[in-house]
Amino acid sequence: MSGRFTPRPTRTTVRGGHVAVPSPAAAPGAPGASGGASRPAAVPGQVRTWTPEERLDLGLVLGPLRRGASDPTFRAMPDGSVWRTSRTPLGPGTLRVSTRGGRVRGEAWGPGAEWLLEQLPELLGAADDPSEFAPRHRLLALTRHRRPGLRLTRTGLVLESLIPSILEQKVTTAEAYEGWRLLVRRFGEPAPGPAPARMHVMPAPRAWALIPSWEWHRANVDNKRASTILRAVRVAARLEEAVRMPPAAAQRRLELVPGIGPWTSAETVQRSHGAPDAVTVGDLHLPGIVGWALAGDRDADDAAMLALLEPYAGQRHRAARLILLSGRVPPRRAPRMPKGDIRGL
């Protein structure tokens, strides 16, 4: 009976940042744990333990950082751990995060290991304050009750969220995830330490800038998105400075780059800053989902969505995430948008 009302993953809840992470009961050393999921003891990394003040759900907190099931920078393992790679200010690094008995254990490898462990609490939502959110709708109150471990992550890194967000502009998620996977695996570098197979660190700014035009084409990335990424990596240092700005100011700086608009900047600061009010506007589906969930209006536009979210000013991104995590979406009226492919051109 305990699992009878457990929220089930759907396409909408996955978009809301839900990644299925197995119970830590199967952690390394526990009965029934998968031997292939644990790290080799011969390659120890730097370790940090941290005890969060409240319950933590790794799948909800870190879920927004995964770009598809085959993301080479993110892996949820059968032992209940989550692995991530990042290109930190100190260099590439691999981080393994696991929870057990209310404590978090982070282990990191590579030049960026120390930086990743220093940022671990903020990555897991320590800078987030869910108590500031006051639900005004029964649906949101119920969803928050069913998702008590939700915290907004803050990576402290801009480019690692900006580039995949640019790849997601005006295309299906399947196209964007495929392009991210192909480019990172081809032009990134293998993850430091005993990371799971085929994990990579995203390319450095200069490596992005040197990708030939035909390789973007092979990754099914059109010239408009590729050009936006190239413009962004040329000013990578200035964009990374935005992590020390308030989210609204950071968005304004990002939007100075041609090709980066409010949709992309919001998707970025939601992850880099843990911005609770950075609601995504210009999205194809989100206004209709919010309109349907809060007012039964499946044809809501951005203006109607913002009006419905006005009672949550300061927490509008959290409200939108809870709506997505509720799984309440309008019935489909048309076939799914077909995946585009420019590689045959």
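Helix α7 itself comprises 15 residues, 173-187, and spans 21 Å between its first and last C-alpha, close to the 21 Å expected at 1.5 Å a residue. An α-helix has 3.6 residues a turn, so residues three or four places apart point the same way.

The largest nonpolar core contains 31 residues, of which Leu 159, Leu 162, Ile 163, Trp 208, Trp 216, Ile 229 and Leu 239 touch the most other members. At least two residues of this core come from each of α6, α7, α10 (223-234), α11 (236-241) and α12 (247-254). For Ile 163, when residues up to four places away in sequence are not counted, the contacts are Trp 180, Met 202, Trp 208, Ile 229 and Val 233. In soluble globular proteins, nonpolar side chains tend to be buried together.

Strand β4 (residues 91-100) pairs with two other strands. Strand β3 (residues 82-88) runs antiparallel to β4 and is joined to it by seven bridges; within this pairing, Arg 87 has Pro 92 of β4 as its bridge partner. Two residues lie between β3 and β4, which form a hairpin. Seven bridges likewise join β4 to strand β5 (residues 103-109), again in antiparallel orientation, and Leu 95 stands opposite Ala 108 of β5. The hairpin of β4 and β5 also has two residues between its strands, and Gly 101 adopts a positive phi near 60° there. Because nine of its 10 residues are buried, β4 is largely enclosed by the rest of the structure.

The average pLDDT of the chain is 91, and 90% of the residues score at least 70. Two segments depart from this level. Over residues 1-6, pLDDT stays under 50, and the model has one contact beyond four places in sequence for this segment. Over residues 26-41, pLDDT likewise stays under 50, although the model has 24 such contacts beyond four places in sequence. Where pLDDT is low, the predicted coordinates should not be read in detail.

Technical notes. Residues are numbered from 1 along each chain as its sequence is written. This is a predicted model: local features need pLDDT of at least 70, side-chain atom pairs count only at pLDDT 80 or more; totals for chains, interfaces and linings use all residues. Side-chain values use heavy atoms; hydrogens and water are left out. Helices (H or I, at least four residues) and strands (E, at least two) are DSSP runs, numbered from the N terminus. The expected span of a helix is 1.5 Å times one less than its number of residues. Buried means under 20% relative accessible area, exposed over 50%, partly exposed in between (1.4 Å probe, protein chains only). Two strands pair if DSSP finds at least two bridges between them. pLDDT is the predictor's confidence in each residue, from 0 to 100. Contact means heavy atoms within 4.5 Å. A nonpolar core is a set of buried Ala, Val, Leu, Ile, Met, Phe, Trp, Tyr and Cys residues joined through side-chain atoms within 4.5 Å.
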